[in-house]
Amino acid sequence: MAPRWQWIDIEDEADWLGEVDVETFPTLGVAAGGRLRFAGPVAPQADTLRRLLRATLAPGGAEAAVADAALLALAARLPQRAADTV
């Protein structure tokens, strides 16, 4: 199955984000299978993004060491959001 990408504009969809507080732009969240793989600010450079995505989405890629319950809850909701937008 091909990856699904979702753009969430934090100003237009603040209610959907719940308690997630984004303080730095650009911020990227990567989730797969309802699990958070990465969350944090990323330099706006294509090579940096490619490396990050390869590392986080590779088979056996590690989950993010994030204790933020709001981010973990957001990652768990993403599959439902994808289903609602199809």
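Okay, so the buried residues of helix 2 pack against strand 1 and strand 2, where packing means contact, heavy atoms within 4.5 Å. Helices (H or I, at least four residues) and strands (E, at least two) are DSSP runs, numbered from the N terminus.

Quick background: this is a predicted model, where local features need pLDDT of at least 70, side-chain atom pairs count only at pLDDT 80 or more, and totals for chains, interfaces and linings use all residues. Residues are numbered from 1 along each chain as its sequence is written, and side-chain values use heavy atoms, with hydrogens and water left out.

Which residues of helix 2 are buried? They're Leu52, Leu53 and Thr56; buried is under 20% relative accessible area, exposed over 50%, partly exposed in between, with a 1.4 Å probe and protein chains only. On the face turned away from the buried side, you'll find exposed Arg51, Arg54 and Ala55.

Now the strands. Strand 1 (residues 27-32) pairs with strand 2 in the antiparallel sense over six bridges; pairing takes at least two DSSP bridges. Val30 stands opposite Phe38 in strand 2. The two strands make a hairpin with two residues between them, and Gly33 in the turn has a positive phi of about 60 degrees.

Last one: Arg37, in strand 2 (residues 35-41). Arg37 counts as buried because its relative accessibility is 12%.
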